[in-house]
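Reader: I would like to understand how the words used for a structure follow from the numbers behind them. Could we go through some of them together?

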Amino acid sequence: MQGVDPSVPPSGTGCADCEAADPQGWWFHLRRCAECGHIGCCDSSPAQHASGHAAASGHRMARSFEPGEEWFWDYGEEVLYESGPALAAPEHRPLTQAVPGPADRVPADWTQHLHQ
């Protein structure tokens, strides 16, 4: 797949941009840039960092960073691929990590903050 570097590890276990924000943000689901490994939050999350990363960097391919999900999304063509090449470990967020997360930053009314 063009735009995929299987050797690049993920940038961390949570959304890199939410972690770097002041105040720190929270996310619903995570996406992994298949080209550089940047972990960003999904488009349902308040900040939508994964698609922002794709737009700013030109890195079109992302893979779900959720356990049990192997699909890729092409932001440029808006195409879903059910699977693709294996990426460097880890392939998903830690199983102990809350969804949404991180648990200590998720507001009680979190469902009201999701994008549809």
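**From values to words**

Reader: Why is Cys41 called buried?

Author: Cys41 has a relative accessibility of 0%, and since buried means under 20% relative accessible area (exposed is over 50%, partly exposed in between, with a 1.4 Å probe and protein chains only), Cys41 counts as buried. This is a predicted model, in which local features need pLDDT of at least 70 and side-chain atom pairs count only at pLDDT 80 or more, while totals for chains, interfaces and linings use all residues. Residues are numbered from 1 along each chain as its sequence is written, and side-chain values use heavy atoms, with hydrogens and water left out.

Reader: How do you know that the structure has 0 disulfides?

Author: A disulfide is a pair of cysteine sulfur atoms within 2.5 Å, and a search of the whole structure finds 0 of them. For Cys33, the nearest cysteine sulfur belongs to Cys36 and is 3.7 Å away, so Cys33 is in no disulfide. For Cys41, the nearest cysteine sulfur is that of Cys15, at 3.8 Å, and therefore Cys41 is in no disulfide either.

Reader: What makes the pair Ser64 and Glu69 a polar contact?

Author: The side chains of Ser64 and Glu69 are joined at 2.5 Å, and a polar contact is a pair of N or O atoms within 3.5 Å, where within protein one must be able to donate a hydrogen and the other to accept it, and residues adjacent in sequence count only if both atoms are side-chain atoms. Ser64 also counts as buried, because its relative accessibility is 0%.
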